Amino acid sequence: MLNQLLDDLRFPIGLLFSIFSVILIIVGLIKPQTVAAGIDINLNVSAGAFMGVFGLFMVLSAMWSARSAQKRSQK
Amino acid sequence: MQLSLIDYAIIAIYLMFVLSIGMLLKRKVKSSADFLGGHDEKHGIPLWITSLAFISANLGAQEVLGMSASGAKYGIMTAHFYWIGAIPAMVFLGLFMMPFYYGSRARSVPEYLRLRFDEKTRGLNAISFATMTVFSSGVSLYALAILLKVLLGWSFGFSVLLSAGIVAAYTFTGGLRSAIYNEVLQFFLIVLGIAPLVYVGLRKVGGWEGIQAQLPGAMTHTWQYMGSADNPMGVGLFGMAMGLGFVLSFGYWCTDFLLVQRAMAARNMSAAQRTPLIAAFPKMLLPFIVIMPGLVALAMTHIGGGFSIPFKADGRMDYDMTLPTMLVYFYPSGLLGVGLTALMASFMSGMAGNVTAFNTVWTYDIYQAYFCKNASDSHYLRMGKMATIVGILLSIATAYVARSFNNIMDLLQLVFSFVNAPLFATFLLGMFWKRTTGHGAFWGLLGGTAAAALTHGVTVAEGKGGWLLLGSAPLHEFRSGMGQAFAIAIVAWVACFVLTLAISLATKPKADEEMRGLVYSLTERPKETETRWYLRPIPLAAAVLAMTLALNYLYH
């Protein structure tokens with residue numbers, strides 16, 4: 001399974017963005033900085049959440065196809 | 001500007017991922033085709049990856065910084081580079097030209113020229129292309145180092161060595177596949193790293209309506225002010241449609257091996273054809289990521305609030321700093337790290353693209369053709385790896401030359417534009433008219449280049465050109481350098497087309513037998529292997545063109 005995942009580009013891409021997401025959300029919560037220009041968004045948290053959704057989607061879809069490939073080979 | 005530890009951590013994590021992708025792919029490199037690119041089911045790369053790599057290889061630092069600079073300078077008209085420039089050419093490449101590139105089994109664009117024409121035409125294209133790739137990767141290395149110096153205070157040498165070292169490490173270990181995989185990673189990083197900026201920027205200025213309210217009409221319309229050259233770009237309708245839309249865009253997107261190589265790495269003919277077509281969907285939306293920040297920045301300078309685009313030493317606006325200035329202005333520590341990583345990623349994808357195209361053309365089209373014809377595959381694999389390192393060393397040298405002799409770089413860039421301008425005429429005639437001969441192609445290319453230089457020599461724009469005039473009045477004065485460049489391209493194309501036609505008619509063509517798979521009339525249409533109708537090339541192309549038309553209309 002791990003070998004297949006490492007072969008699938010979606011996995012590293014998803015992993016990288018998941019890590020970025022965790023870092024940004026933590027930084028954003030500990031040190032809430034709204035945008036200098038006076039717009040009320042915690043940019044670290046919201047951009048981090050967005051990257052998290054994207055990252056998770058990539059990781060899960062890679063795992064999903066690795067699992068179905070494994071099932072096919074077992075059959 | 002001071003980066004915090006978090007920003008450095010984010011940059012470091014990204015660099016670690018890039019290097020690991022190279023290391024992971026290392027075990028797959030066993031033959032020269034693995035390293036330099038081969039096209040079949042075994043070596044082939046999935047379609048979504050080749051498609052995103054196709055646009056990412058072109059999304060270098062100069063494109064990302066340059067497009068937002070042009071957005072601030074010329075407005076939304078800059079989107080012509082996408083909506084009239086790149087997209088139609090990408091559709092043409094997918095539908096009409098990929099069958100010859102992929103079907104001929106050529107390993108590179110110069111090799112296709114040898115199969116279709118002769119050795120000298122291949123040599124001319126291979127040598128000029130190889131020089132150009134090293135040059136552009138060196139110039140972007142230089143641009144990145146200057147940027148990092150301004151932003152972070154890193155020394156020139158440190159930036160150059162660090163960036164070139166990383167690119168060297170992942171292209172040397174994993175070859176073309178590693179470059180392509182990383183290009184896709186970099187694509188997402190650029191898009192997701194800059195998208196939040198566009199979002200907050202647009203909110204700040206009151207959305208597209210806010211921009212329209214702040215800026216003059218010529219900055220927020222793509223077509224409405226094209227009736228004459230009296231617009232920010234200084235280019236009229238004919239120059240835009242023919243010069244950019246036809247000659248330059250088709251010349252670049254349909255013949256540049258750096259891009260075609262990504263499509264050639266696909267698993268089969270159908271996927272190769274669809275690579276530029278699928279790529280066209282995200283490509284047409286890229287202006288919202290790369291051009292929009294420029295417009296937002298300009299609108300922000302109008303509404304006040306302390307934001308301004310920096311000035312150069314000579315008092316003019318330094319448009320190239322538009323995007324970095326926006327990043328620093330809006331992004332808090334953390335996201336700033338991601339934004340800077342996106343800029344570094346854009347540079348790396350551009351450089352790796354050039355280096356992987358260089359090592360292939362050097363190994364197959366120069367080394368194998370002229371120095372060592374019949375060696376073993378492992379010999380060429382070794383040569384490919386060596387060429388990767390040499391290509392990077394030459395890029396570093398170019399970066400240093402660029403730092404000391406800016407004029408030489410400008411001159412070289414000009415010469416390359418002369419060499420490139422006529423290219424598409426040669427390919428068009430070669431692929432669609434079987435009577436075209438090698439002599440016609442070769443002398444047509446040289447004639448086209450000469451015509452380009454001549455045009456530049458007798459016209460002026462913004463104080464440039466006119467070096468043949470020796471004091472007499474110029475033949476024509478253009479409103480802008482861009483207008484002049486488009487006109488030069490048109491003249492070069494026509495000269496090449498006419499010369500190739502005339503010389504071909506006077507020389508002996510190849511036998512039909514030798515041209516199967518290389519010329520339209522002698523090649524069977526590729527059988528469509530894709531079962532879902534909506535994923536076949538023609539419906540995809542129709543959807544791409546319809547959406548591009550809609551975008552042109554929406555922002556006309």
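Biologist: Which residue's side chain meets B:Glu513 in a salt bridge?
Modeller: A salt bridge needs a side-chain nitrogen of Lys or Arg within 4 Å of a carboxyl oxygen of Asp or Glu. Here N to O is 3.2 Å. The partner of B:Glu513 is B:Arg516.

Biologist: What pLDDT do local features need in this model?
Modeller: Residues are numbered from 1 along each chain as its sequence is written, chains are lettered from A and ligands numbered from 1 in the order in which they are written, and side-chain values use heavy atoms, leaving out hydrogens and water. This is a predicted model: totals for chains, interfaces and linings use all residues, side-chain atom pairs count only at pLDDT 80 or more, and local features need pLDDT of at least 70.

Biologist: Is B:Arg516 buried or partly exposed?
Modeller: Buried means under 20% relative accessible area, exposed over 50%, and partly exposed in between (1.4 Å probe, protein chains only). B:Glu513 has 58%, so B:Glu513 is exposed. B:Arg516 has 46%, so B:Arg516 counts as partly exposed.

Biologist: How many residues apart are B:Arg479 and B:Asp230?
Modeller: These two form a salt bridge, with their closest N and O atoms 3.2 Å apart. B:Arg479 sits in the loop between strand 3 (476-478) and helix 22 (481-506) of chain B, and B:Asp230 in the loop between helix 10 (217-220) and helix 11 (237-255). Helices here are DSSP runs of H or I with at least four residues, strands are runs of E with at least two, and both are numbered from the N terminus. The pair links distant parts of the chain, with a separation of 249 residues.

Biologist: At roughly what angle do the axes of helix 8 and helix 16 of chain B cross?
Modeller: Two packed helices are described by the angle between their axes and the distance between the axes. Axes are lines fitted to C-alpha atoms, for helices over the stretch in contact, with angles from 0 to 180 degrees between N-to-C directions. The axes of helix 8 (residues 156-205) and helix 16 (residues 322-330) of chain B come within 10 Å and cross at roughly 75°.

Biologist: Which residues of helix 16 of chain B make the contact with helix 8 of chain B?
Modeller: Contact means heavy atoms within 4.5 Å. Helix 8 of chain B brings B:Ile194, B:Leu197, B:Val200, B:Gly201 and B:Lys204. Helix 16 of chain B brings B:Leu323, B:Met326, B:Leu327, B:Tyr329 and B:Phe330.

Biologist: Which helix of chain A do the buried residues of helix 16 of chain B pack against?
Modeller: Helix 16 of chain B is mostly covered, with eight of its nine residues buried. Among them are B:Thr322, B:Pro324 and B:Thr325. Their packing partners in chain B include helix 7 (119-152) and helix 17 (335-371). From chain A, the partner is helix 3.

Biologist: Which residues make the nonpolar surface patch of about 350 Å²?
Modeller: Patch residues have over 30% relative accessible area and no salt bridge; like charges are joined within 9 Å, nonpolar side chains (Val, Leu, Ile, Met, Phe, Trp, Tyr) within 5 Å. Areas come from the Shrake-Rupley method with a 1.4 Å probe, and for residues only the protein chains shown count as cover. A:Met63, in helix 3 (residues 43-74) of chain A, is partly exposed at 32% relative accessibility. The patch is made by A:Met1, A:Leu56, A:Leu60 and A:Met63.

Biologist: What value is phi of B:Glu462 near?
Modeller: Most residues other than glycine have a negative phi. B:Glu462 lies in the loop between strand 1 (459-461) and strand 2 (464-465) of chain B. Its phi is positive, near 50°.

Biologist: Which residues is B:Thr548 in contact with, leaving aside neighbours within four places in sequence?
Modeller: B:Thr548 sits in helix 23 (residues 537-554) of chain B. B:Thr548 is buried, with a relative accessible area of 4%. Its contacts are B:Trp83, B:Ile87 and B:Met284.
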